[in-house]
Structure formats: C-alpha cells, structure tokens
Amino acid sequence: MHVVAHNGARIWGGAERATTLLLAGLQARGHRVLLLCNDPLVAQRAGEMGIETEILPLGGDGMVPHAFRLARRLRALRPDAFIIGTYKKLFLAALGARMARVPRIVARVGLETDTPRSAKYRFALPRWVHAVAVNARRMRPAFADLPGFGPDRVAVIHNGVEPPVRLQPPGAVRASLGISPDVPTVGAVARLATQKRLDRLLRAVAQLPGVHCILAGDGEERARLEALAAELGIAARVHCLGHRADTGDVLDAIDVFVVSSDREGLSNSMLEALAAGVPVVSTPVSGADDALEPFADGTAPGEIVGFSEDEIASALRRLIADPPRRAAMADAARRRAVERFGMDAMLARWEALLAGRALPEAG
C-alpha cells in the first residue's frame, strides 16, 4: 500500500510520535509512506525516525483553500489510504482527501477529549471518513454511537510498543544525577504541558520524604514546575532532564512511573514503562484501564488512583514500601506489553483497517 498521513500539530508530543511510529512500522513491512505536516519540528523528528516528510500546512476550519491544496497534492500522490493524525484538522483534512478521491480515509484519534461533540465533526465524519481508529476501549462509544457512522466503522487499535533501547550500563542515569541505588525514585517521561498535571506529581513527592523525582521531557510548563519544586522545598529531589533520546536508560532509573494527567488517550510513555518493566501509578484517564487491568491471577502492572495528589502519594508510599509487590508488578508489566501492545499485532490491525478488511483479533 501507499499510505499518506497528515499531522497538523506544531509540537512534538505523544500523538506525533505515535503516528510516526505507525508509519515507520508500516514502512518496515514494505509499504510506501509519507508524512505531510504543519511544522518543521515535526518534520525533523519524523525524518530522524526514517520517515519521508513534506510541509503542507492545514489551518483552521475556515481555511478551505488549504483543503483544495491538500487535494491537489493527494491527487498527484495517489495514495491507497490517508490517515488523519490530528483530530482538530479533521474537517479540512477529510474534505481534501475526499475531493482527491482517496480510496480509504481513516482518522486516528488518540485523546479521550477528541469526540464528535460539535456540528463540524458530526457532519464530516459520516460523509468523508471511512473509519476511525481509537487507541483505548473507553473512547469507542463516542464514535460508535454517532448517527450515520456506526460501530462497524470504529476500531480499537492499541498503540504498539517495544522495550526501549538501553544505551548505557544499568544505573548510569542515577549516577549522573547523584542518586544512589537504594534511594526510591519516581518519575515520568512526558511533554511538560498543562494537561499532564505534573504539578500533582510534585505535590505528591513533597509528601514522601527522601523520594526523588525524575522528569524527562520539555515543554511550556518546565519553568513553572521548577519554580513549584523550589516552593515545595523539594528542588534538590526533583530532576528535570529536558528532552532525552535515551528513554530506556531514564526508565532504568525510575522505580515507579507516574501518569498524573487530566486527560490522555493511551499514553505511549506509560506503554514504554510497562515494556521496560516499570510499575505504573496512573490517574483514571482513558487507556489506563486497557494498560493496567489485572490479569486473571490478580497480578497487575500498575494501579489506578484518583486525581488528587494525596491519592497519588498514598499509592506511591505503598509501592515504595513493598519491593516484592513492585517486582511482581514489573513482571506483569512486561507481560502486558507483549500480550496486548505488541507492535506486530498493532501493525496487522492497522494494515487491515487501511485496506478495508476485517481486523485480526485484538490482544
């Protein structure tokens, strides 16, 4: 297949990385892929992952000429399938792809708040989009119940993950930060954005004397989070690393991974933590149920708690005090990553969806 995707973001976050990983996986399976995007940063990062890119911006919904420009490019490219990777650009992207008569138009939805709540989505989805792929079960009803769309056009395709590559010897990141091996450490790998609510994590850490916190990632909230750490008197125990390419090594330094977000789809960073064998504590965001659901024997790869810093702190305190339970959760995490979030299974389901075939059984 020849697959073209569009990403309309001006940041490099989880959705952008997930779309690029999908394209890279399809490319590795012999398909031709191309990413059209709004922003040079997204093009640069996707290019670093081996994906051919072009800058083709889509503006707001009123910029109908952008849809015509997209249609002209798609007519020249003649793809078999077109993936809309940014929900806010769905109206113009779907219009352009429909005008170009792309045989298969699929919207990838990766955030639980991206629903067909407004008239533009309720108009465009049934008319211009052949199928929607959501990455968490909890997100499916919003589209399956849409009049004129229906459940047969909505697929749950979990993100795929592979164990993050390790570039350094065990303990190297802790050593570089001056954290001894016996010091309990929690943390997250995330874009430092408001929706991630990493302030909750810092307030929880403030309730846990001696516990260090590692934050890998960058974003507009970094200065505010560093100021909050100082205000809470925990600046010496909070390590903001900025953007890191060595995710495997960072996860090696963390005893418990924390998702403190207000909203998610299915967190790619959480899946990487599971694949690396790091237990997870998560707020009850979409995707947490899929990832942290207990196995039949009662073991679970993580724990879902409420949205308050007190509940997060209590869960972390219990896990830090119980190394045998953490070890059992680490084993469950690796197992969940393999059985439910394997890359091959994810790519097989996407191949079927893009080709309009019945999807293989999900994990």
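The legends below describe close-up views of a predicted model.

**View 1. An open sheet of 7 strands with parallel pairing.**
The strands follow one another in the order S3-S2-S1-S4-S5-S6-S7. Strand S3 (53-55) and strand S7 (154-156) form the edges; each has a single partner strand, so one side of each lacks a neighbour in the sheet. On average, and with direction ignored, neighbouring strands of this sheet are turned by 25 degrees against each other.

**View 2. Strands S1 and S2 of the 7-stranded sheet, and helix H4 lying across S4 and S5.**
Strand S1 (residues 2-7) and strand S2 (residues 32-37) run parallel and are joined by 6 bridges. Asn7 has Cys37, in S2, as its bridge partner. Elsewhere on this sheet, helix H4 lies across S4 and strand S5 (105-109). The direction of H4 makes about 170 degrees with S4.

**View 3. The aromatic pair of Tyr87 and Tyr121.**
The structure holds 4 aromatic pairs. In the pair shown here, the ring centres of Tyr87 and Tyr121 are 4.3 Å apart and the ring planes stand at 20 degrees, so the pair is stacked; planes under 30 degrees apart count as stacked.

**View 4. An open sheet of 6 strands with parallel pairing.**
The order of the strands is S10-S9-S8-S11-S12-S13. At the edges are strand S10 (238-242) and strand S13 (302-304), each of which pairs on one side only. Neighbouring strands of this sheet are turned against each other by 20 degrees on average, direction ignored.

**View 5. Strands S8 and S11, with helix H11 packed on the sheet.**
Strand S8 (residues 185-189) pairs with strand S11 (residues 256-259) in the parallel sense, over 2 bridges. Gly187 has Phe257, in S11, as its bridge partner. Helix H11 (residues 268-275) packs on the sheet and touches S8, S11 and strand S12 (280-282). The direction of H11 makes about 165 degrees with that of S11.

**View 6. Helix H8 packed against helix H13.**
Helix H8 (residues 198-205) and helix H13 (residues 309-320) have axes 8 Å apart and pack at an angle of about 55 degrees. This angle makes H8 oblique to H13. The crossing of the two helices is right-handed. From H8, the contact is made by Arg200, Leu201, Arg203 and Ala204; from H13, by Glu309, Ile312, Ala313 and Leu316. By class, the contact has 5 nonpolar, no polar and 3 charged residues.

**View 7. Helix H8 beside helix H9.**
The axes of H8 and helix H9 (residues 222-232) come within 10 Å and cross at roughly 20 degrees. H8 and H9 are therefore roughly parallel to each other, since angles under 35 degrees count as roughly parallel. Their crossing is right-handed. Leu198, Asp199, Leu202 and Arg203 of H8 meet Arg224, Leu225, Leu228, Ala229 and Leu232 of H9. The residues of this contact divide into 6 nonpolar, no polar and 3 charged.

Notes: Residues are numbered from 1 along each chain as its sequence is written. This is a predicted model: local features need pLDDT of at least 70, side-chain atom pairs count only at pLDDT 80 or more; totals for chains, interfaces and linings use all residues. Side-chain values use heavy atoms; hydrogens and water are left out. Axes are lines fitted to C-alpha atoms, for helices over the stretch in contact, and angles run from 0 to 180 degrees between N-to-C directions. Helices (H or I, at least four residues) and strands (E, at least two) are DSSP runs, numbered from the N terminus. Angles under 35 degrees count as roughly parallel, over 145 as roughly antiparallel, 65 to 115 as roughly perpendicular and the rest as oblique. A crossing is left-handed if the near helix is turned anticlockwise from the far one by less than a right angle, and right-handed if clockwise. Contact means heavy atoms within 4.5 Å. Ala, Val, Leu, Ile, Met, Phe, Trp, Tyr, Cys and Pro count as nonpolar, Asp, Glu, Lys and Arg as charged, and the others, Gly among them, as polar. Two strands pair if DSSP finds at least two bridges between them. Rings of Phe, Tyr and Trp (its six-membered ring) pair if their centres lie within 6.5 Å; planes under 30 degrees apart count as stacked, over 60 as edge-to-face and the rest as tilted.
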